[in-house]
Amino acid sequence: HSTSSAAQCSAVWRQRDAVVLNLAPKMQVTMLRVAVLLTGAVSALKPASRRHLLKAAPAVATGLIAAPALAEDFQASLKPLYKAAKTAKLTYRSKAGEPPPEAWAEDAFVGRYTDPINHPGGIREISLTDTFVGEYRLVKVVGGGGRGEPKEYVLPGLVDANRITVDFSVPPKGGPPNLTGVLTLPTPGRPGATAIVWPDGNKWPQEKKN
């Protein structure tokens with residue numbers, strides 16, 4: 001019985017380590033399944049072990065965060081995004097006067113942006129997660145509310161120096177997959193704001209740096 005309990009505990013911790021973005025509304029079903037698994041595992045453990053697991057449970061069930069049944073499934077779903085980020089890194093050519101890659105802070109993209117060209121009135125909030133996919137930091141892009149787009153959506157992205165690769169195809173957004181934008185800084189002495197510039201020329205001006 002103790003061996004079975006230890007195995008259950010190990011399985012629960014492996015799932016807790018796989019906590020990731022809620023990539024789509026249907027992921028809420030996965031979150032519910034994880035909660036059920038946690039409940040079953042907790043009931044089979046000793047009191048001390050149960051206390052530790054119950055403390056961990058809120059991290060699994062927090063708001064827009066969900067844990068897939070297997071971490072491998074989540075990593076596999078991000079492979080196209082990872083490949084796009086890697087390609088962008090290999091093919092990117094820096095512009096004159098641009099800071100070198102090592103000069104960009106890890107949280108360079110964190111903040112609130114607008115989309116005045118494509119979706120006036122829309123807001124994009126970019127925040128860091130604790131997850132890495134290869135050498136790239138996973139970020140959460142919460143957007144919506146603009147003209148011609150859903151009220152709210154959550155998209156996965158990978159950041160590297162001044163580049164961010166985002167999968168806009170995730171429902172309900174339903175846009176193009178795996179686009180890479182470049183963070184540009186205002187030119188000294190000229191009007192302008194920090195902005196993310198996308199391949200089609202669209203810009204997300206930064207409204208607030210968090």
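**Exercise 1. A charged residue and its surroundings**

Does Arg124 count as buried or exposed, judged by relative accessibility? Work out the answer, then find the salt bridge that joins Arg124 to Asp115.

*Solution.* Keep in mind as you go that this is a predicted model.

- Step 1: Look up the accessibility. Arg124 has a relative accessibility of 1%.
- Step 2: Compare with the cut-off. Buried means under 20% relative accessible area, so Arg124 counts as buried at 1%.
- Step 3: Turn to the partner. Asp115 is buried too, because its relative accessible area is 3%.
- Step 4: Check the distance. The closest N and O atoms of Asp115 and Arg124 are 3.2 Å apart, and the two residues form a salt bridge.
- Step 5: Widen the view. Through salt bridges that share partners, Asp115, Arg124, Glu149 and Lys173 are joined into one network.

**Exercise 2. A histidine in a loop**

Where is His119 found, and which residues does His119 touch, not counting residues up to four places away in sequence?

*Solution.* Let's start with the location.

- Step 1: His119 sits in the loop between strand 3 (111-114) and strand 4 (123-133).
- Step 2: Now the accessibility. His119 has a relative accessible area of 15%. Since the cut-off for buried is under 20%, His119 is buried.
- Step 3: Next come the contacts. Leaving out residues up to four places away in sequence, His119 touches Arg124, Gly146, Arg147, Gly148, Glu149 and Lys173.
- Step 4: Link this to Exercise 1. Among the residues touched by His119 are Arg124, Glu149 and Lys173.

**Exercise 3. One arginine, two partners**

With which residues does Arg112 form salt bridges, and how far apart are the closest N and O atoms in each pair?

*Solution.* Take the pairs one at a time.

- Step 1: Arg112 forms a salt bridge with Glu125, and their closest N and O atoms are 2.6 Å apart. Arg112 lies in strand 3 and Glu125 in strand 4, so this pair ties together parts that are 13 residues apart in sequence.
- Step 2: Arg112 also forms a salt bridge with Glu207, with the closest N and O atoms 3.5 Å apart. This pair links distant parts of the chain, as Arg112 is in strand 3 and Glu207 in strand 10 (residues 203-208), 95 residues apart.
- Step 3: Compare the accessibilities with the cut-offs. Partly exposed lies between buried, under 20%, and exposed, over 50%. Arg112 is therefore partly exposed at 31%, Glu125 is partly exposed at 24%, and Glu207 is partly exposed at 47%.
- Step 4: For the whole model, the count comes to seven salt bridges.

Methods. Residues are numbered from 1 along each chain as its sequence is written. This is a predicted model: local features need pLDDT of at least 70, side-chain atom pairs count only at pLDDT 80 or more; totals for chains, interfaces and linings use all residues. Side-chain values use heavy atoms; hydrogens and water are left out. Helices (H or I, at least four residues) and strands (E, at least two) are DSSP runs, numbered from the N terminus. Buried means under 20% relative accessible area, exposed over 50%, partly exposed in between (1.4 Å probe, protein chains only). Contact means heavy atoms within 4.5 Å. A salt bridge is a side-chain nitrogen of Lys or Arg within 4 Å of a carboxyl oxygen of Asp or Glu.
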